[in-house]
Amino acid sequence: MPAPVKMHPVEQILRQIRFDKSAQNLSQCPPDDGSEIAFAGRSNAGKSSAINRLCSQKTLARTSKTPGRTQLLNFFAVDESRRIVDLPGYGYAKVDRSTRDAWQKEIDGYLSGRECLKGLVLLMDVRHPLKDFDQMIIQWAAQANMPLHVLLTKADKLSYSAAKNTLLKTSKQLANHPAPLSMQLFSSTASTGCDEAWDKIGEWLDLPVATA
Ligand code: GTP
Ligand code: MG
């Protein structure tokens with residue numbers, strides 16, 4: 001009989017995650033206490049897919065082939081004091097200007113005002129890293145001294161060596177980042193890089209991970 005596959009302890013905890021609430025604006029966010037981490041990135045980068053994969057759920061966060069799916073800040077509760085937030089994607093051109101400006105304002109307000117935010121997961125498509133919006137978030141994290149963990153997503157779309165090259169090149173470009181920064185390859189569809197991401201989430205949310 002094959003030995004049972006050992007589950008990452010953070011994976012086990014994240015399986016309990018539940019949808020908490022959607023907030024259209026800052027006043028609708030849950031109270032600013034406990035610990036929170038947020039997933040940010042351009043529209044279509046794969047934020048909702050990554051959350052679903054890391055929480056072993058198919059439909060927790062709604063994903064879409066159409067960019068701009070997530071138009072609210074969606075809060076997911078790991079337990080009573082720990083949350084994961086799916087932020088609406090930046091840079092989606094098809095919504096009208098005023099809607100886009102309104103989201104942007106809410107995301108900016110969330111990032112700069114949220115005391116319980118422990119770290120930001122920035123997702124970038126491995127085929128198009130460091131676009132304008134990404135640079136903006138990276139600069140914001142630098143000046144706010146907010147820990148940043150970069151997922152270069154959709155790694156399954158490139159050969160292993162091409163993806164690895166992008167990882168090296170992008171890491172080099174950010175070598176002088178003055179705040180905590182880590183980076184990895186990730187694929188929701190191929191389940192690449194989950195262990196590394198779980199390690200980081202466990203650290204930031206200070207999850208009560210039993211050490212065997
Ligand atoms: P917004 O909510 O619009 O900001 O998008 P998002 O960043 O949440 O992206 P979402 O998770 O909805 O994924 C967008 C599209 O990319 C969907 O068609 C996904 O199936 C696809 N996708 C996401 N992750 C991966 C991946 O790792 N590999 C591949 N091949 N496709 C992916
Ligand atoms: Mg989404």
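Good morning. Let me begin with contacts in the chain between residues at least 6 apart in sequence: 72% of them join residues at least 24 apart. Please keep in mind that this is a predicted model.

What do the elements of the chain look like in order? From the N terminus on, they run α-β-β-α-β-β-α-β-α-β-α-β-α. In total, the secondary structure comes to 6 helices and 7 strands.

I turn now to the overall dimensions. The chain has 212 residues, and a compact globule of that length would have a radius of gyration near 17 Å; the chain agrees with this, because its own value is 17 Å. Taken along the principal axes, the C-alpha atoms fill a box of roughly 60 × 40 × 35 Å. Of the 212 residues, 47% count as buried. The accessible surface comes to about 11,100 Å², and carbon and sulfur atoms account for 50% of that area.

Rolling a probe the size of a water molecule over the atoms shows where empty space is left. In this structure there is 1 cavity of 30 Å³ or more, and the largest cavity has a volume of about 30 Å³.

Which residues line the largest cavity? They are Phe39, Leu54, Val121, His149, Leu151, Ala197, Lys200 and Ile201. By class, this lining has 6 nonpolar, 1 polar and 1 charged residues. Two elements, β6 (148-153) and α6 (194-204), each supply at least two residues of the lining. Of the elements, α6 gives the most, with 3 residues.

Thank you for your attention.

Key: Residues are numbered from 1 along each chain as its sequence is written. Chains are lettered from A and ligands numbered from 1 in the order in which they are written. This is a predicted model: local features need pLDDT of at least 70, side-chain atom pairs count only at pLDDT 80 or more; totals for chains, interfaces and linings use all residues. Side-chain values use heavy atoms; hydrogens and water are left out. On a 1 Å grid over the protein atoms alone, a cavity is a set of points where a 1.4 Å probe fits but cannot get out, and a pocket is an open set with protein on both sides within 12 Å along at least five of seven lines; lining residues have an atom within 4 Å of a point. Grid points are joined across faces, edges and corners, and a volume is the space filled by probe spheres set on the points. Helices (H or I, at least four residues) and strands (E, at least two) are DSSP runs, numbered from the N terminus. Ala, Val, Leu, Ile, Met, Phe, Trp, Tyr, Cys and Pro count as nonpolar, Asp, Glu, Lys and Arg as charged, and the others, Gly among them, as polar. The radius of gyration is taken over C-alpha atoms; the globule rule is 2.2 Å times the number of residues to the power 0.38. Buried means under 20% relative accessible area, exposed over 50%, partly exposed in between (1.4 Å probe, protein chains only). Contact means heavy atoms within 4.5 Å. Accessible areas come from the Shrake-Rupley method with a 1.4 Å probe; for residues, only the protein chains shown count as cover.
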